[in-house]
Amino acid sequence: MRDHFEGPQGQGSSSSPEDDKQPGGIPPLTPETDGGTDIAVWTGRATNRVQWLMAAAGAACLALGIELAVDSAWTSHLVPLVMAVVGCVAAGLLMLYGTIAFVHVAVRVDTESLEVRCGHIGVPRTRIPLSHVVGADFAPRVTPRQWGGWGYRWRPEKGTAVVVRRGEGFVLRLGDGRTFTVTVDDAESAVRVIRARLGLAAGRKASA
């Protein structure tokens, strides 16, 4: 999915492919301004339709648990039956939440922060002020194996990540030494925007 930029009046703009490239192969972005105010907002998404299959499996587990609870006699073998019902319902709910919550991710970068929303209800939600970011790098291939699975992941030696599919993403380097990785379509454009924001912030601090 291609990125787009939004202004206060809903007007859009995009960077030119002919722009000179920054180190790392990322073309620079020159933010558009209106009366000296930056108006560019970058939004991007990533989707993994394969996870709908896991959601279907979760729904099947949930339906099995309900069927056991409704159709069973509940007169003998009570403890095993309760364990089976609770296990099926719990597994179904966990699979449904784990897949539906992370079937896609939406990323928004404005002048102040980066925001990541997961799933159809936007939870989990992460907001990182750009004042806490020291750099951004393009990651050409992010895989669930690198992070131990799908979803919202944390590994002490790697940092935090939101992984909804294999493929491109970007890595934020934070001021406290941690990293935050997100899989998103057209991640190179996200890196350009974030670097431009950081450059503008550094320029304002230098002139202050």
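## Aromatic rings and a charge over a ring

The count of aromatic pairs comes to zero, where a pair would need rings of Phe, Tyr or Trp (for Trp, its six-membered ring) with centres within 6.5 Å, called stacked if the planes are under 30 degrees apart, edge-to-face if over 60 and tilted for the rest. This is a predicted model, in which local features need pLDDT of at least 70 and side-chain atom pairs count only at pLDDT 80 or more, while totals for chains, interfaces and linings use all residues. Residues are numbered from 1 along each chain as its sequence is written, and side-chain values use heavy atoms, with hydrogens and water left out.

A ring does take part in another kind of contact: the charged end of K158 sits over the ring of W147, at 5.1 Å from its centre. To be counted in this way, NZ of Lys or CZ of Arg must be within 6 Å of the ring centre and within 35 degrees of the ring normal.

## Salt bridges

Side chains of opposite charge can pair when their charged atoms come close. The whole structure holds eight salt bridges, each being a side-chain nitrogen of Lys or Arg within 4 Å of a carboxyl oxygen of Asp or Glu.

E115, R117 and R125 are linked in a network of such bridges. Between E115 and R117 the closest N and O atoms are 3.0 Å apart, and between R125 and E115 they are 2.6 Å apart. The second pair links distant parts of the chain, with R125 in strand β7 (residues 125-129) and E115 in strand β6 (residues 113-118), ten residues apart; strands (E, at least two residues) and helices (H or I, at least four) are DSSP runs, numbered from the N terminus. E115 is buried at 15% relative accessibility, whereas R117 is partly exposed at 33% and R125 is partly exposed at 49%; buried means under 20% relative accessible area, exposed over 50%, and partly exposed in between, with a 1.4 Å probe and protein chains only.

A further salt bridge joins D185 and R165, with the closest N and O atoms 2.8 Å apart. D185 lies in the loop between β12 (179-183) and α4 (187-207), and R165 in the loop between β10 (159-163) and β11 (167-174), so the pair ties together parts that are 20 residues apart in sequence. D185 is buried, with a relative accessible area of 19%, and R165 is buried at 10%.
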